[in-house]
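Here is a short briefing on one protein chain. Look over the sequence and the structure, then read the points by topic.

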Amino acid sequence: MNSDAYKQTYGDDPVWKKYRRNFKGQIPPRKTRKTCIRNGQISTGSPCPICRDEYLVLDHRNVKLLEQFINKHNGSVLSYSKTNICQRRHKQLLVALTKAKDYGTITFDLLIRQYDYSEWNPSNN
């Protein structure tokens, strides 16, 4: 993730940002494909971003890669329809994220907002 090759390929964007899946027709399918790799070979014309790059490994220790698939506002996992990764890699992603949260390598803390309710409080008017 810190190498020059990674920065040259992806820059500062997440790995799924510049990826666009090919599909027939004008309307994209609701689900992504089940897998991109069959019998040890890439079986599709446009594999998902994780299957395409053999150096991207979904592991609980690869925190920088896992953080790219987490919504920064609420801490939820981005869906495979947004990231366009195949369903097999999405399951691996969920397992890796669960392990990372269990081991404590990924934490997500929401900011506590303080609101001033005095302008809505009817007793002060």
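N39 sits in the loop between β1 (37–38) and β2 (41–42). Helices here are DSSP runs of H or I with at least four residues, strands are DSSP runs of E with at least two, and both are numbered from the N terminus. This is a predicted model, where local features need pLDDT of at least 70, side-chain atom pairs count only at pLDDT 80 or more, and totals for chains, interfaces and linings use all residues. Residues are numbered from 1 along each chain as its sequence is written, and side-chain values use heavy atoms, with hydrogens and water left out.

- N39 is not a glycine, yet its phi is positive, at about 55 degrees.
- N39 is exposed, because its relative accessible area is 81%. Buried means under 20% relative accessible area, exposed means over 50%, and partly exposed lies in between (1.4 Å probe, protein chains only).
- N84 lies in the loop between α4 (80–83) and α5.
- N84 also has a positive phi, near 60 degrees, and is a residue other than glycine.

**Overall layout**
- The protein chain has five helices and two strands.
- Along the sequence, the pattern reads α-β-β-α-α-α-α.
- The C-alpha atoms fill a box of roughly 70 × 40 × 30 Å, taken along the principal axes.
- The radius of gyration of the protein chain is 19 Å, while a compact globule of 125 residues would have one near 14 Å. This radius is taken over C-alpha atoms, and the globule rule is 2.2 Å times the number of residues to the power 0.38.
- Buried residues make up 32% of the 125 residues.
- Of the contacts between residues at least 6 apart in sequence, 62% join residues at least 24 apart. A contact means heavy atoms within 4.5 Å.

**The nonpolar core**
- Where do nonpolar side chains tend to be in soluble globular proteins? They tend to be buried together.
- The largest nonpolar core has 22 residues. Such a core is a set of buried Ala, Val, Leu, Ile, Met, Phe, Trp, Tyr and Cys residues joined through side-chain atoms within 4.5 Å.
- V15, C48, I50, L56, L66, F69 and L93 have the most contacts inside this core.
- At least two core residues come from each of α1 (4–10), α2 (49–52), α3 (63–67) and α5.
- Helix α5 gives the largest share of this core, four residues.
- Leaving out residues up to four places away in sequence, L66 touches L58, D59, H60, L93, A96, L97, A100 and I106.

**Around D59**
- The side chains of R61 and D59 form a salt bridge, 2.7 Å from N to O. The term means a side-chain nitrogen of Lys or Arg within 4 Å of a carboxyl oxygen of Asp or Glu.
- The count by this rule is one salt bridge.
- R61 counts as exposed, because its relative accessibility is 63%.
- V95 is in helix α5. V95 is partly exposed, with a relative accessible area of 49%.
- V95 and D59 are 36 residues apart in sequence, but 8.6 Å apart in space, C-alpha to C-alpha.

**Near the end of the numbering**
- W120 is in the segment after α5 (87–103).
- Is W120 buried or exposed? W120 counts as exposed, because its relative accessibility is 61%.
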